[in-house]
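Here is a set of exercises to work through with the model open beside you. Try each task before you read its solution.

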Amino acid sequence: MKTIKALIVDDEPKLRKVLHIKLEQHCPNLQVIGEAENITTAYPLIQNLHPDLVFLDIAMPGGSGLELLEQFDSFPFEIIFVTGFNDYMLDALRVSAIDYLLKPVSNSELVAAVNRAQERILDREKIKRYENLKHNVQHLGDQQTRISIPGMNAYDFVKIADIIRCEGWQKYTKIHLSNGSCLISSYNIGVFREMLSSYSFFNCHKSHLINTTHISRYLRDGSVIMSDNATVPVSRRKRDEFMQFLVSK
């Protein structure tokens, strides 16, 4: 089950602490990644931490929670209002908040709200994955397409045009990029052969997959010089196929 990343925005330190404790005790799939005491500190936290869910007080000194939301063109996060006032229900509906909880918050209401938030977050991610898939199908062969590369601890999103070559390394794959960096993926090179087969990549060797748009030279000894000055071998059985591939482009 996905862990929900949550942010608490409330001007009262004691109430932030109580809510934090309740969430730790009753919502094991949720992690509080930050707290803010007003909308001035909350806005950059949301921008930098990218929470899935924001617990938001409404009436706060220096600006209301609703004024914080007005700073966003759209909400890339779900919202649960936690407030001492019951005068803002219509505003909560207007911004499609998950729930509107009155202080002091009961444990059962909190758990129910978090469960609803988790369902909506999963629905949001399904839609995003579908949109990414639809884009990639519509732009098949376009190296401006971005792909996700699963690493050891996270996913990196890179433009295909920025990938110079993939190198098989033990059970992993090194992804060499045009900015000089190298990503280590937990997928073996066979996965990348399938993933990049429609994007001008050529499997020149059992351990090497190259982006042919990054070839600088092809040497008579059967190797290629890439744009990062790396020399990559072309296996003997692949050389004729490689030449035909280049001519057809």
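The model is a predicted one, and its secondary structure comes to seven helices and 15 strands.

**Exercise 1.** Find what percentage of the residues in the chain is buried, and what percentage of the contacts with a separation of 6 or more joins residues 24 or more positions apart.

*Solution.* Start with burial: of the 249 residues, 41% are buried. Then turn to the contacts with a separation of 6 or more: residues 24 or more positions apart account for 51% of them.

## Strand E3 and its partners

**Exercise 2.** Which strands are joined to E3 by bridges, and in which sense do they run?

*Solution.* Step one: look at E1, which runs parallel to E3 and is joined to it by four bridges. Here Leu7 stands opposite Val54 of E3. Step two: look at E4, which is also parallel to E3, with four bridges between them. The bridge partner of Leu53 in E4 is Glu78.

**Exercise 3.** Are the faces of E3 covered or open?

*Solution.* First recall a rule: in a regular strand the side chains alternate between the two faces of the sheet. Now sort the residues of E3: Leu53 and Phe55 are on one side, Val54 and Leu56 on the other. These four are all buried, and both faces are covered.

**Exercise 4.** Work out where Lys5 sits and which residues it touches.

*Solution.* Lys5 has its place in strand E1. Its relative accessibility is 31%, so Lys5 counts as partly exposed; the class in question lies between 20% and 50%. Setting aside neighbours within four places in sequence, Lys5 is in contact with Gln31, Ile33, Leu49, His50, Pro51, Asp52 and Leu53. For a distance check, take Asn29: Lys5 and Asn29 are 24 residues apart in sequence, and their C-alpha atoms are 9.0 Å apart.

## Helix H2

**Exercise 5.** Why do the buried residues of H2 line one face of the helix?

*Solution.* Pick out the buried residues of helix H2 (residues 39–49): Ile39, Ala42 and Ile46. Looking down the axis of H2, you find its buried residues within an arc of 50°, so they line one face. Finally, ask what the buried residues of H2 pack against: E1, E2, E3 and helix H3 (65–69).

## The nonpolar cores

**Exercise 6.** Which element gives the most residues to the largest nonpolar core?

*Solution.* The largest nonpolar core has 20 residues, and Leu23, Leu30, Leu53, Phe55, Ile80, Leu110 and Val114 have the most contacts inside it. Two or more residues come from each of E1 (4–9), H1 (13–26), E2 (30–36), E3 (53–56), E4 (78–83) and H5 (107–138). The most come from H5, which gives five. To see the packing, follow Val114: beyond residues up to four places away in sequence, Val114 touches Ile4, Leu23, Cys27, Leu30, Phe55 and Ile80. A second, separate core has 19 residues, including Leu56, Ile58, Leu69 and Phe77.

## The five-stranded sheet

**Exercise 7.** What is the strand order of the open sheet of five strands, and which strands are its edges?

*Solution.* Reading across, the order is E10-E9-E8-E12-E11, with antiparallel pairing. The edges are E10 (182–185) and E11 (201–205), each of which pairs on one side only. From one strand to the next, the twist averages 20°.

Next, check two of the pairings. E8 (residues 163–169) and E12 (residues 208–211) are joined by three bridges, and Cys166 has Leu209 of E12 as its bridge partner. E11 and E12 pair over three bridges, with His205 opposite His208 of E12. A hairpin of two residues joins E11 to E12. As for cover, four of the five residues of E11 are buried.

**Exercise 8.** Is Gln143 buried or exposed?

*Solution.* Locate Gln143 in the loop between H5 and strand E6 (146–150). Its relative accessibility is 11%, so Gln143 counts as buried, the cut-off being under 20%. Among the residues Gln143 touches, not counting those up to four places away in sequence, are Lys159, Tyr199, Phe201 and Asn211.

Key: Residues are numbered from 1 along each chain as its sequence is written. This is a predicted model: local features need pLDDT of at least 70, side-chain atom pairs count only at pLDDT 80 or more; totals for chains, interfaces and linings use all residues. Side-chain values use heavy atoms; hydrogens and water are left out. Buried means under 20% relative accessible area, exposed over 50%, partly exposed in between (1.4 Å probe, protein chains only). Contact means heavy atoms within 4.5 Å. Two strands pair if DSSP finds at least two bridges between them. Axes are lines fitted to C-alpha atoms, for helices over the stretch in contact, and angles run from 0 to 180 degrees between N-to-C directions. A nonpolar core is a set of buried Ala, Val, Leu, Ile, Met, Phe, Trp, Tyr and Cys residues joined through side-chain atoms within 4.5 Å. The arc is that of the directions from the helix axis to the C-beta atoms.
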